[in-house]
Amino acid sequence: MDSLFTADEWQAIALSLRVASVAVAASLPFGIACAMLLARGRFPGRTLFSAIIHLPLVMPPVVTGFLLLLAFGRRGPIGAFLDQHFGIVLAFRWTGAALACAVMGFPLMVRAIALSIEAIDQRLEQAASTLGAGRIAVFLTVTLPLALPGILAGLVLSFARALGEFGATITFVSNIPGETQTIPSAIYSLIQTPGGDGAALSLTVVSVLISLGALVLSEAIARRATREGRP
Amino acid sequence: MTLTFEAEKRLGGFALEARFASESGVTALFGPSGSGKTTIVNLVAGLARPDRGRITLDGTVLVDTAAGITLPPSRRRVGYVFQDARLFPHLSVRSNLSYGRWFGPRAGRWGDFGAIVELLGIGALLDRQPRDLSGGEKQRVAIGRALLASPRLLLMDEPLAALDRARRAEILPFLERLRDEMKLPILYVSHAVDEVARLADQVVIIEAGRVAAIGPVGTVFAEVAADSETGAILTAVVRADDGLDGVTLLDHPAGMLQVPRLGRPIGTRVRVHIRARDIALAVGEPGRISIRNRLAARVVALSEQILDVAVTLDVGGQPMLARVTRGAARDLGLAPGLGVTALIKAVALDER
């Protein structure tokens, strides 16, 4: 296998998987909360809230990355606060790459979860409440399990999005081998290097395989969810 | 057990304004669909909130708008069996049944899992999934699930309405055992006369969001209960079976009837069943209308019911019962001896 990839390329693959996993895991609780608000909430400014969540889907990734840099850079308001009080630095770190990926994948995650929450028969939740379950218990025992197909689909989608994220990542955390160089940035670097085409191609194959796997997985989840059906 | 109910609620163009009290046993809320029965039950369960009102159960205030008290459904200990069983699709039958056991205080818990499973005859279903159950089985599991949450009052909103005749017959005995063995007070919503007559001790008749009558089933319900859904069972003779319109014509002394094509020989005697609610009455020539079945009839007697007027007719020597509103009876000037035309919307063969 050593002949297949250089140490740098292995690093890029491992880093990509780590960044994507952390991004998805860290954004899941927020994703579920926002999906609940979008699917069930009736409050003023709901449309604006929805628009802001979906913004990364339509904005140029470079713009998102630059906004992240402005806010989370060492001199940015949030970045400076995190640095001074918690010693957390995101800019030019792999954690920053995870943040960029989380933001870019967030709309996809929220959408998938919100759709499946909307599909839940709220009369089942009423039934649960007449059986003695309070609001939190209803959420944990009825809403969440019934939204599981959507949550899994959202996880897969945002994971795939995170693996492919390039523009926001390179703008926010640059392209540092071993720290922030994910598969897409590594491919980009290799293409810029004379004689790097071969290595770029093998990383491309890896990227295609991972993406394909994610799609097949999400298909399987969706099919399983439709088969289980709703009452 | 005493439930006192007094509430007002507006829902769009519909206004509920009802007040009643019910003691232990089975209290039936009876009335036509859309009269507000389900709204009342939802108010008791806490799934809806009254605009104004006060509901108490055994002295516990469930809701009191004047005092600003609203107990959430989860703390009312009021069980609810819905028309559609609403079993949790992601849980097995066993987990559905024990769902309510996770919540609420241990004190005041009653009902043994095994005993209730045995009472409802669902022991063989425990490891199945709700989607694999028949309608009747689902409803029995839903009843068990509500009981195992140890309610102080059980609400049943037309629990049999979604089931066919055979399934209803399968569940009714369980409901009777529930009433007799569990000693649990039940508020039972229905618009089926036979169910109410069989199960209820007390009847509250609901009409257009108001309580029209209330009392023991024997007195309040005597007239309604005596009535059946049947308007008439007539004997007729097949006259023609080759209709281009796909119908068979039947001869009856009072006129001609059309039924969907039978394919029986001409001259065969058949019995047809006509539901009371499919019969309309006209005085004089009814004019151009779509109803083809018109029988000449004579009013024999009128009897004022709780919800409408029952008109007994003589059609060619056979009895027929039609139900009309009080207003219609007045407008038509219905009186014994008056000749009318019975317009029949649907005729079914009586295969019994």
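**Note on the predicted two-chain model**

1. Chain B is divided into two parts, domain 1 covering residues 3-226 and domain 2 covering residues 230-349. The C-alpha centres of domain 1 of chain B and domain 2 of chain B are 38 Å apart. The coordinates discussed in this note come from a predicted model.

2. The mean pLDDT of chain B is 84, and 93% of the residues of chain B score at least 70. For the complex, the predictor reports an ipTM of 0.81 together with a pTM of 0.71.

3. Chain B contains an open sheet of 6 strands, arranged in the order 7-8-9-3-10-11 with mixed pairing. Strand 7 and strand 11 (210-216) of chain B form the edges, each of them pairing on one side only. On average, neighbouring strands of this sheet are turned by 15 degrees against each other, with direction ignored. In general, the strands of a sheet pair through backbone hydrogen bonds and may do so in parallel or antiparallel fashion.

4. One pairing within chain B may be examined at the level of residues. Strand 8 (residues 153-157) and strand 9 (residues 186-190) of chain B run parallel and are joined by 4 bridges. Opposite B:Leu155 stands B:Leu187, a residue of strand 9 of chain B.

5. Chain A is built from helices: its secondary structure amounts to 11 helices and 0 strands. Read from the N terminus, the order of elements in chain A is accordingly α-α-α-α-α-α-α-α-α-α-α. The C-alpha trace of chain A spans about 70 × 45 × 30 Å along its principal axes.

6. The packing of chain A can be described by two figures. Of the 231 residues in chain A, 42% are buried. Among the contacts in chain A with a separation of 6 or more, 76% are between residues 24 or more positions apart.

7. The contact between the chains draws on 17 residues from chain A and 21 residues from chain B. On the side of chain B that touches chain A, the largest share comes from strand 7 (residues 78-81) of chain B, which supplies 3 residues. That side of chain B comprises 13 nonpolar, 5 polar and 3 charged residues.

Conventions
Residues are numbered from 1 along each chain as its sequence is written. Chains are lettered from A and ligands numbered from 1 in the order in which they are written. This is a predicted model: local features need pLDDT of at least 70, side-chain atom pairs count only at pLDDT 80 or more; totals for chains, interfaces and linings use all residues. Helices (H or I, at least four residues) and strands (E, at least two) are DSSP runs, numbered from the N terminus. A residue is buried if 20 or more other C-beta atoms lie within 10 Å of its own, exposed if 12 or fewer, and partly exposed in between; C-beta atoms are placed from the backbone. Two residues are in contact if their C-beta atoms, placed from the backbone, lie within 7 Å. pLDDT is the predictor's confidence in each residue, from 0 to 100. Ala, Val, Leu, Ile, Met, Phe, Trp, Tyr, Cys and Pro count as nonpolar, Asp, Glu, Lys and Arg as charged, and the others, Gly among them, as polar. Domain bounds come from an automatic or database domain assignment. Two strands pair if DSSP finds at least two bridges between them. Axes are lines fitted to C-alpha atoms, for helices over the stretch in contact, and angles run from 0 to 180 degrees between N-to-C directions.
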